[in-house]
Amino acid sequence: MSRRRSWMALLLAVLAWALGCEQTGRSHVLAPVYAAGTGVRDVSQNGDTIHVDRAQVVFGPAYFCATSSADRDLCPTALAEVLDVSEFDALSATPTPIGTLRGTSGTYRSLMFDWGISWLLSASRPESTLPALGGHSAVFSGSVTRAGRVVSWSLSIDASPAEAGRPAVAGVRETHALEPADASRALVMTVDPVDWISRVDTNEIFSAADVAGAESVVLGPETTSYQAVLIAMTSSAPPTFEWGTRP
Amino acid sequence: MQRSLIQSLLLLVFLTSCSSATGVGDVSVRLGAEDSITLGLTAGSAAEDVVDGWDVTYSKFIVAVGGISLRQQSTGTQFDSLGVHIVDLMALPATGFELARFAGVPAARYDVFNWQIAIASASATREASVAEADAARMIADGCTYLIAGELTNATGQTCSPGTACVDARTVRFDLCIPAATTFGPCNDPDGAAGVAVSAGGVTNAEATLHGDHLFFNLFPLGDEATIVRRAQWLANSDTGHDGIVTRAELESLQAAQLFTSPNYSLAGAPTVDGHGIETGWDWVRAQARTQGHFQGEGECPWN
């Protein structure tokens, strides 16, 4: 009789422990991440037509935070991260695998990330983590047409963080309750490079072509067009992140 | 013996259960101004100086403020004060301006403290520090702030984009800014959430406004220790070269012309009317949405 009671007590204790662990534990989550563009290559600006024929972009790393303002100081420990740094064709609407999200279950409300150039706390300056694209965050090229005149342009963006330990892009508000079931799904990041490029100043491009006496210009950091695209990539036109079925 | 033991245990349980009911107190929520408002900013190389040669002085720093909320998440106990006050932070008493007072608050930590910068309206209370004409302007133009002052630099210049630089020793500004914001949940400077209310007295909580965010070179979401302060962009915004910067001038200038990398970063900036920062005016409105703090330097996420 006493032996049966002992076994029952032990069984109950184990059952209680198991239930307790199930209620209080957090689960690891692993899910693939893809990048895609919109497939759009042309945009109009004040009667001019801007065409984009190349948009190669480097993404990563990225950190997903429980707070609504992902930044170095308000997110010392991320809920999830994508440590991969990958290049992809931002003009292609076909999702391209760019890495793996690793995290724990819970709700993230914002994220921060780099465009391939990071400034670690231990480093004296920003550094590119991928040799592709010559160490740049993104390389764009295309043309602009005005009244039959066509001028080619190119643009190599360096989205360097402003200081050590800070990301290039911060506080991007996206909310998702991360759960183990996400392992069978995929996170797709969508960028709109034509939206970024639409912010160039076409007057600046034609003026630069006139000064150079050539129908091809390089838009460097000293140009308003470069600065406008950089602001779009790092602040005003961040990518979107959506969970869905695996491509 | 057994009865006295039981009685002692019961008394202990009673005392323990009653220890959570520790009385009530009052909470006084006051509005405070950082020195950067009342004393301005100084050109120099020290940590909080303006690095590009300009002194900044405010003559008016009027704000429509209110919407105080104090809440304990675990119990849902909440205290609200919806009234909006139009106040000039240049004319605050040393102890600050009382925005709200909650009486009979059970002593405990209220971990959610929110406050708001609101669009000035006819239902707001105009405090004595604010001229009728200024309040009327804020109400007519739908502003949350009316900020006026000047930049001074003995060797200053205005270098507007696309034009030659001209000498400018003094550049004034008088801006009615719409930047409605909810700040919170706020943490105090030590990182503790909200307000710990003590029993039997008055607990003070300060909603603090800072006056240097317009001159920040980026948008910190936390620590401001590494911020660089610059004012040349505002001097450059005087495209009319008449010594005063207007909203129209700021709207005419692209952010890409005024706030260039590597001196500036717009990462983490608030949106303005649902879009990112595109003009100098957007920058002013966005930075105005970040300048609310708690108990001095405590952080408040903005929404």
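**View 1. Between chain B and chain A of this predicted model, the count of salt bridges is 0.** On the side of chain B that touches chain A, the residues divide into 12 nonpolar and 10 polar ones, together with 2 that are charged.

**View 2. The contact between the chains draws 23 residues from chain A and 24 residues from chain B.** The area buried between chain B and chain A comes to about 1700 Å², and carbon and sulfur atoms contribute 55% of this buried area.

**View 3. Within chain A, 8 strands form an open sheet with mixed pairing.** Read across the sheet, the strands of chain A follow the order β14-β9-β4-β5-β7-β1-β16-β18. The edges of the sheet are formed by β14 (169-172) and β18 (240-244) of chain A, each of which pairs on one side only. Neighbouring strands of this sheet are turned against each other by 20° on average, with direction ignored.

**View 4. Strands β1 and β16 of chain A run parallel and are joined by 4 bridges.** In general, the strands of a sheet pair through backbone hydrogen bonds, and such pairing is either parallel or antiparallel. In this close-up, β1 covers residues 28-36 of chain A, whereas β16 covers residues 186-190 of chain A. Tyr34(A) stands opposite Val188(A), a residue of β16(A).

Conventions
Residues are numbered from 1 along each chain as its sequence is written. Chains are lettered from A and ligands numbered from 1 in the order in which they are written. This is a predicted model: local features need pLDDT of at least 70, side-chain atom pairs count only at pLDDT 80 or more; totals for chains, interfaces and linings use all residues. Side-chain values use heavy atoms; hydrogens and water are left out. Two strands pair if DSSP finds at least two bridges between them. Helices (H or I, at least four residues) and strands (E, at least two) are DSSP runs, numbered from the N terminus. Axes are lines fitted to C-alpha atoms, for helices over the stretch in contact, and angles run from 0 to 180 degrees between N-to-C directions. Contact means heavy atoms within 4.5 Å. Buried area is the accessible area (1.4 Å probe) that two parts lose on being put together, summed over both. A salt bridge is a side-chain nitrogen of Lys or Arg within 4 Å of a carboxyl oxygen of Asp or Glu. Ala, Val, Leu, Ile, Met, Phe, Trp, Tyr, Cys and Pro count as nonpolar, Asp, Glu, Lys and Arg as charged, and the others, Gly among them, as polar.
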